[in-house]
Amino acid sequence: MARQIKRVGVLGAGVMGTGIAAHLAGAGLDVLLLDIVPPKLTDEDKARGITREDPAFRNRFAASSLQKAKKSRPPTYHDPFDADLIEVGNFEDDLHRINECDWLIEVIIENLDIKRSLFARLEEHRRPGTLITSNTSGLKIATMVDGRSDDFRRNFFVTHFFNPVRFMRLLELVAGEETDPEAFDFIIRFGREVLGKGIVIGKDTPNFVANRIGTYGMLYLLHAMEREGMSVEEIDTLFGPPMGRPKSAVFRTGDMVGLDTLVHVADHCHTDLVGDECRETFAVPGYLRELVKRGWLGQKSGQGFYKKQGKEIRVLDYTTFEYQEKQKVRADSIGAVRKIEDVGERIKKLIAHDDKYAKLAWDATAKVLIYAANRMGEIADDVVNIDSAMKWGFAWDLGPFETWDAIGVPESVERMEREGLPVPANIKEMLGKGITSFYSGTASQPTYYDFHKKVYVDLPGDAKQIKLAALSEQEKVIDKNSGATLFDLGDGVLGVEFHTKMNAIDPDIIAMLHKAVDTAEAEGWNGVVVGNENPQAFCAGANLFGVIAAASMKKWDDLTKMINDLQQAVMRMRLCSVPVVTAPAGLALGGGAEVVMASDAVRAHAETYMGLVEIGVGLIPAGGGCWAMLERFCGNLPDDPGFDPLPFIKQAFTNIAMAKVSVGADEARKLGFLRPQDKISFNRDGLLYDAKQTVLGLARAGYRKPRPLKLRLPGDNGTAAFRWFVDGMEKGEHVTGHEAMIAGKLARVLCGGDTSTRVKVGHQQILDLERETFLSLLGEPKTIARMQHMLQKGKPLRN
């Protein structure tokens, strides 16, 4: 029989163990979470009459961890109710229950003797063939499984998750010398397809791949800051987005991870890597060790390199250990690249400058590139695994070898040699063979340089991943304009990809949505998928630059046409004769949410952040968003003039008036942006494939064109009820007069305008009200002022 995983035992209920359990439960797996029995009763236990035999006492560590995680930010669970799906127990009373599990994940303290003791006990209860993996960050596999049975050793390997488990894509897998390749390959597939993880295959070395390279890079900068007399703000400004790193950069990342954790990882490297040419880089600077000594551990203790005081974020002066106001960092090199969107080009241009920031950027980049090249074969077998580890584990836009390609391998090596840096022999050998980049090939068949074979080899593909760039090469483009592309996805399915900045809706995108539906209906296609491969956004809304310009010039006819075109596009999607499936991932805001809600079915990535946010700039949804909310909350109400729809309309009103944005697809379903029947995928790379299969399923099941919906809405009576509530909010100074005015207009749209429950209202009446209200609000001076203020602050305008 094929191996299956239905139930998982997580052994250890600390922050990481609880995070793993929550993610597994979110993926639909049954989970058993075990931890130790508390050492003693508390005074509160004694007062309540709880004894050492009570399950509430004996299972406290596991149970309390699950409850505590409900309050965590960012959220540990995909849905807080997942906590109720995780069974808890303890190692003394419940270890025998591991025989119910198909996979056991050890997540206890990083102590070899304690781990080995637990593994010996697992042997007594586990079923033969059950997978056992450790979340260790560097203990040797051979020493952990010494003395265990052949079956135990064959089914044992490392699964190193990154925290927070839900949001960090990286899962490092490390096999032991005796690990069964079938078991290992199974978890590779399971981790990718079911858990949605990016899989990196590492070697059994201290801190594996991401933490080895990432900790080296961070510690190098910690030493460089002290050596160069720079500040925390200077380092974080430079090594954030300008260098293709996350906004948390260096020190904010350290605060998020925990400075004690950073010191632990660095000390581990410094102790164990006796043969590492850069071993002393892992020596912890005195100021960092002092922070840990003081208990200033970062986010979990309330202060580290940064500290929030009131609404202000203050930054540490590491020479005095006092917090001060953040200083704005200005530099020619950073300013020169700020508007360059291509990450590789941005890095290349920045390191070519000659100010002190550019010099440090080059120095740190060169050292990391050299260090990564010297680790080839030691921590991983190829450049792909090292690059993927840094992108998925440390949120770099480009991995080390992708960065090297971007800045030019021959040119950068020449500069290294000119400056006396030790260029690795394997890089010199590669260049000597006339190979000048680590990656090559085409979008259809990308290749990478294999240092072992000393030739380019094919990058492994995935049959469940649709690559749009590859379809372009294969001449599968049916139509294209500056905002969107229409693809033939195969099997009679069309695909619409947006490709404006943040995929913001513009007239070209609207035109392509019309073209997709027209083509599908006229030529007999099975259906349409709307999605893309953008890691940040499905669609961040309608870019309002043009709206501001048209409103400023009083071009109301042009604005009316633009809004009407978007409304008609989403309704064409909603009511056409072929199934339309949207595949959101990342941001789906404003107009992006309206496009998603217009589809027959949604195949959303688990990390989809969805909401109607127009009120933030003083507007309301006008691309069918109000109708979509009414359709979701009122579409299945009794067809009875005496039935009161107001409580259901209130849910739509709350979503829009409070600009609610879901943190993930599960919450989008709870808020009503997604319907109960809409599906969620964990594997981002397979999302377009999943959406295509959804279209084919609908088509093969005998798709029927939806009937236009009509609703019984309360009209002026409902609007008056909302306005009474909003007036109370204004009198209590919870909202301003302007905000109350917007809320009143929104209420009138959602209540259907001039109507009553005695008549039925169709979508066009609501769309007309949306459009009229949007335009009237756009004529408000405060609305334009708000938009212009956001522009001046450099914030994206999303509708």
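**A tour of the cavities**

The structure holds four cavities of 30 Å³ or more. A cavity here is a set of points, on a 1 Å grid over the protein atoms alone, where a 1.4 Å probe fits but cannot get out. A volume is the space filled by probe spheres set on the points, with grid points joined across faces, edges and corners.

This is a predicted model, in which local features need pLDDT of at least 70, side-chain atom pairs count only at pLDDT 80 or more, and totals for chains, interfaces and linings use all residues. Residues are numbered from 1 along each chain as its sequence is written, and side-chain values use heavy atoms, leaving out hydrogens and water.

**Stop 1: the largest cavity**

Select Met218, Leu221, Arg245, Val250 and Trp396, which lie nearest the centre of the largest cavity. Its volume is about 160 Å³, and 15 residues line it (lining residues have an atom within 4 Å of a point). By class, 11 of them are nonpolar, three polar and one charged. Nonpolar means Ala, Val, Leu, Ile, Met, Phe, Trp, Tyr, Cys or Pro; charged means Asp, Glu, Lys or Arg; the others, Gly among them, are polar.

Next, select helix 9 (210-228), which gives the most to this lining, with five residues. Helix 16 (356-374) also supplies at least two. Helices are DSSP runs (H or I, at least four residues), numbered from the N terminus.

**Stop 2: the second largest cavity**

Now select Met243, Gly244, Ile347 and Pro400, which are among the lining residues of the second largest cavity. This cavity has a volume of about 90 Å³. Helix 16 supplies the largest share, three residues, and helix 18 (400-407) at least two. The lining has seven nonpolar, three polar and one charged residues.

Conventions
1 Å grid on protein atoms, 1.4 Å probe; cavity = no way out; pocket = protein on both sides within 12 Å on 5 of 7 lines; lining within 4 Å.
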